[in-house]
Structure formats: C-alpha cells, structure tokens
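Student: Could you take me through a close look at the sheet in this model and what packs around it? I would like one connected account, please.

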Amino acid sequence: MEFSVVIPTYNRAAVLESTLRALARQKTTLEAKGAFAFEVIVVDDGSRDDTARRVRSLEGEFPAPLLYLHQQNRRQGAARNLGSRRAAGELLLFLGDDTAPDPDFLAQHLAAHREEPEPVTVIGYTPWAPRLEATRFMRYVGEQGWQFGFSLIEDPSDVPFNFLYTSNLSLPRELFLEVGGFDEEFQEYGWEDVELGWRLRRRGVRLIYRDSAVAHHDHPTTIASFVARQRRVGASAWTLYRKHPDLGGFLGLPDYRRYGWAERLRMTLLTWACRLTERRRWPDLSRYYPDLMSYHYCRGLKDGNGR
C-alpha cells in the first residue's frame, strides 16, 4: 500500500465529513506507473460531537480502508503519532480535517516522491476553500508566512524547514518513525510541525513543494481569531526555544521586542481599525498587517516568558 492518510480531528464532524468525501473521489492511477492503493485513518482527539457516527456511516461506501481511532484529548501531535503507528502505507500523508483535496491530490504527492532519488518530505498547495469569501486578511495570512507562505517559496525543490505544513504533507513512514514523530509536549498549535521540520532538516532530508497537490482549507479566519492564535503561538515559542536554543534567531528569542505604552496603544487601535475594515474594500489597511502580527506574537512571547 502506497499511502496512509492520517487525519486528526476534534469536534469538527461536518467539515471532516466533507474532507472524507473528497478523499473518496481520489484517482488511484498514476500516469505510466499504474494503480496505487491508500487507506484513511481518522484519529478522534476526544471529540464530543457526532464525529464517530459520521465516520462510521461512511465505512461501507468508502473506496479504501477507513479506520476510526479515538483517544482522550491529547492534541494534534499525539493524534498524528497514534495514526502513524497504526498505518500500513509506505508513505504517510497528513491532512487537516478541514482540508478537502482535489481528485488527483494523492497522485501528485506520489509522483513527487517517485521523482526523487532520495527520501524527501513533500508539501502541497493549500488555498482557501472556494465556498469561502476570502478577505484581504485571509489572503495575506495564507500566502505571506503567518499561516502559510506559499508566495515566499523561492526554490520548490529545497524549501526551508519552517514550511513543513501538516495540513498537506507527505513523507516516508519509516523516516517519520525513525526521527520519533511529533514531539507531544507541544500543546498549542503552531510549533510541533516546525520542530519536526527542523529535526528532518538537520538529518539532511529535503522538503519540496508540489503546487499541483491541492487541498482546500475550509476554515474561515478573522483578524480577531488570528490575533488570539498569534498570542498562543508566541507564548508556546519558549517550549521550542528550550528544546532548540539554536533556533533563537528564528524565534526572536531570548531578546524579543518590548513595546512601550504609546506603541501598545497605537497597535491596539490599529487592531480594532483593521478588524472593522477587514470585509470592506475601503479603506485598505493591509499595509499594517505585518506590524500587527509581529506585535501580537511579541505579546505572546511576553506572556510565555512570564510563565
């Protein structure tokens, strides 16, 4: 079996079902290489909704083995590790529960691996779902590196370690298990994938980008929700710094920027102004987005340092 698709999920039964139905439509023939096989492993991280019922209702009609696993709420890293230990595929493909793939998604990932003479990790392209009305801010965080940074990729054949996005990622299962999988100490979203990317890079494993391996992200994002995310990511950056002090420059640690009261007031007002105008064509305040995201990340660093 070529692929084990591992999907961690938590209380998002409806969007997970859409993702699974998209996987059910996968083409399983690679041009000039013949057919390939895959399985799907859903790891329920302690959901309280009807995730189990929805997954099991698809088992009989699903065109590939569909395995449902349940664990107590231990976060996404532990869920992916559990799914990977149960996987039978030569390649692991990590997919978000809200990330619906195009029909040739698996074939594109497989082609990328078969074209390489050595083991690699592969990320695909994750645009916003067509049904969403992407705001200026959503387009910004989806391309400029705060959530995804696809427009910043200069060399698709050798991508920096911090682009290892687990919403659309494949790598050899044996390699993943050899490096120890995800570090389960990370409890907040945002660093367990970067930390794995750093360990793989130090091992000499290249990360490549296949923009034809498309999966659509069905997760509306606002400035308010992303500000909260930046605070959490900043606070948990200290965990990554403690484990890998050589990443201090990348993280902006240990000496991070402190903001005086006048700067804090200005950034607070700018945050509110951007929130009020994010769905309007005018005024366009997107030029302030980089400063705002840096500010809220640094506020998170300060909170994490206080702990």
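Tutor: Happy to! Contact here means heavy atoms within 4.5 Å. Helices (H or I, at least four residues) and strands (E, at least two) are DSSP runs, numbered from the N terminus. This is a predicted model, in which local features need pLDDT of at least 70 and side-chain atom pairs count only at pLDDT 80 or more, while totals for chains, interfaces and linings use all residues. Residues are numbered from 1 along each chain as its sequence is written, and side-chain values use heavy atoms, with hydrogens and water left out.

Let us start with the sheet itself. Eight strands make up an open sheet with mixed pairing, in the order β5-β4-β1-β6-β9-β8-β10-β7; two strands pair if DSSP finds at least two bridges between them. At the edges stand β5 (66–70) and β7 (99–101), each with a single partner strand, so one side of each has no neighbour in the sheet. From one strand to the next, the twist averages 30 degrees.

Within the sheet, look at β8 (residues 120–125) and β9 (residues 168–172): they run antiparallel and are joined by two bridges. Here Ile123 stands opposite Leu169 in β9.

Angles run from 0 to 180 degrees between N-to-C directions, and axes are lines fitted to C-alpha atoms, for helices over the stretch in contact. Helix α4 (residues 105–114) lies across β1, β4, β6 (91–95), β7, β8, β9 and β10 (206–217), and runs at about 175 degrees to β10.

Stepping back to the whole chain, there are eleven helices and ten strands. The radius of gyration is 20 Å, close to the 19 Å that the globule rule gives for 307 residues, so the chain is as compact as a globular protein of that length. That radius is taken over C-alpha atoms, and the globule rule is 2.2 Å times the number of residues to the power 0.38. Of the contacts with a separation of 6 or more, 79% are between residues 24 or more positions apart. Of the 307 residues, 56% count as buried, meaning under 20% relative accessible area, with exposed over 50% and partly exposed in between (1.4 Å probe, protein chains only).
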